[in-house]
There are 2 protein chains.
Amino acid sequence: MKEELTDRQKEILDFIQQYTFVNGFPPTYREIGKHFNISSTFGVKRHIYALVKKGHLTNESKTSRTLSIIDEGLNKSRQVLDNIVGLPIVGRVAAGYPLLAEENIEGNMMIDSSLLSSKIGCFGLKVRGDSMINAGILENDLVIVSPQKEAINGDIVVALLHDEATMKKFEIRENKIYLVPENEKYKPIEVDNVEEFSIIGKVIGVFRTYN
Amino acid sequence: MKEELTDRQKEILDFIQQYTFVNGFPPTYREIGKHFNISSTFGVKRHIYALVKKGHLTNESKTSRTLSIIDEGLNKSRQVLDNIVGLPIVGRVAAGYPLLAEENIEGNMMIDSSLLSSKIGCFGLKVRGDSMINAGILENDLVIVSPQKEAINGDIVVALLHDEATMKKFEIRENKIYLVPENEKYKPIEVDNVEEFSIIGKVIGVFRTYN
DNA sequence: CATAATAGTGTCCTTTTGTTCACTGCAATA
DNA sequence: TATTGCAGTGAACAAAAGGACACTATTATG
């Protein structure tokens, strides 16, 4: 794709790249010329033309400072960025607080959006306790929560019950809501007072690291 | 340092940032105006002035397309990139094959390096079977493997035994190597022939998604 | 109510910038 | 030797872009 450059062309390409990096915008022909002691813009222009023709540079708009270096590295970073979502890691889930209030954010994680089915508004939450151990969710795991108010049978949800946050399996039996732990040590919780119960979101992912 | 922006100013800053990111050079006043239906360059100029005064933008040279965003914005994308590592997802682990041969790669995932202790040479592996269920690793989970030849007691390792890949807990008792499943259904495997045994790597992370 | 602060219009002006053209010099090469 | 490709000069020109000014409209606030 990209053809070989002459030494001079390479120098000029490097200058454009560095200038752009430092300043945040590309140089004009005259600025390039000044740097290389090329007094005529035409001399510069022919170098640019060569760089464009050889596939190292873009110069589409004819107006000033519109040189753009074609760099797979940079493009890659753009593509990568598109697929990356940043999730806040929430320290505590409490009633009354806006969940993502700044004081609740413990950190951030970046994750490939292809690993998540939904990506809007998700956040990470560190697991406390071992009540979901049989579902493969251990203490200190990081669960990824997709905020939603409803749930269906079998969903693992993060919910507020009596102003306390828990993560359990959501089940409805005979019109009663149960929060079912996945650990023989604990018993299902029957939600008696629906007023004091609300679903924060559904667990859509689990992440754990060793050491 | 940076003062609060009005909504409009925020919009315009965002546009400049995005434009610059996409094109490789910043927009002109008229381009900004066109995007926001501001017909006069002066209207745009005052926004720019405000952004500069509030410390979000640089506009030193008076010539065209010389806006430069001060924010971590651009830097952020670089910083973010630095923290992102791309892991190949390996379909099968087999003897004799170079592990990361192209035909073995099923996909890629991006992940925040802060979530990983080690980041060199790691790869993702889809879990088959339920032998590690008590360690919270379920079938179809994606484990992140750090390649290494050695292991210590208690490590969860991916290993080749008789040309077959397994994931088990690594244990040495009385000079014998055992591969211990974390599931009552299965019995520990004693490694009798060390010749036919090799450790691929250590599991340093687990990732799972629901639905 | 008066006063800022923010937001926008339209016009005119000057500078910057890219474009074009004709011409020169040099080195490699067929 | 003639040709080709690269590199540069100098001047003249039109388009693009930023700057300035006077004026209007809206909204919040003391």
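Across all chains, the structure holds 18 salt bridges, a salt bridge being a side-chain nitrogen of Lys or Arg within 4 Å of a carboxyl oxygen of Asp or Glu. This is a predicted model, in which local features need pLDDT of at least 70 and side-chain atom pairs count only at pLDDT 80 or more, while totals for chains, interfaces and linings use all residues. Residues are numbered from 1 along each chain as its sequence is written, chains are lettered from A and ligands numbered from 1 in the order in which they are written, and side-chain values use heavy atoms, with hydrogens and water left out.

**Salt bridges**

Select Arg8(A) and Glu11(A), whose side chains form a salt bridge with an N to O distance of 3.1 Å. Because they are three residues apart in helix H1 (residues 7-23) of chain A, about one helical turn separates them; helices (H or I, at least four residues) and strands (E, at least two) are DSSP runs, numbered from the N terminus. Arg8(A) is partly exposed at 32% relative accessibility, and Glu11(A) is partly exposed at 39%. Here, buried means under 20% relative accessible area, exposed over 50%, and partly exposed in between (1.4 Å probe, protein chains only).

Next, select Arg208(A) and Asp141(A), which form a salt bridge with their closest N and O atoms 2.8 Å apart. Arg208(A) lies in strand E11 of chain A and Asp141(A) in the loop between strand E5 (123-126) and strand E6 (142-147), so the pair ties together parts that are 67 residues apart in sequence. Both Arg208(A) and Asp141(A) are buried.

Move to chain B and select Glu182(B) and Lys169(B), whose side chains meet in a salt bridge at 2.9 Å, N to O. Glu182(B) and Lys169(B) are both buried.

**Aromatic rings**

Over all chains there are seven aromatic pairs. Rings of Phe, Tyr and Trp (its six-membered ring) pair if their centres lie within 6.5 Å; planes under 30 degrees apart count as stacked, over 60 as edge-to-face and the rest as tilted. Select Tyr19(B) and Phe25(B): their ring centres are 6.2 Å apart and their planes are at 65°, so the pair is edge-to-face. Tyr19(B) and Phe25(B) are both buried. In chain A, select Phe15(A), Tyr19(A), Phe25(A) and Phe36(A), which form one aromatic cluster.

**A contact in chain B**

Finally, select Gln17(B), which lies in helix H1 (residues 7-23) of chain B. Gln17(B) and Ile69(B) are 52 residues apart in sequence and 6.8 Å apart in space, C-alpha to C-alpha.
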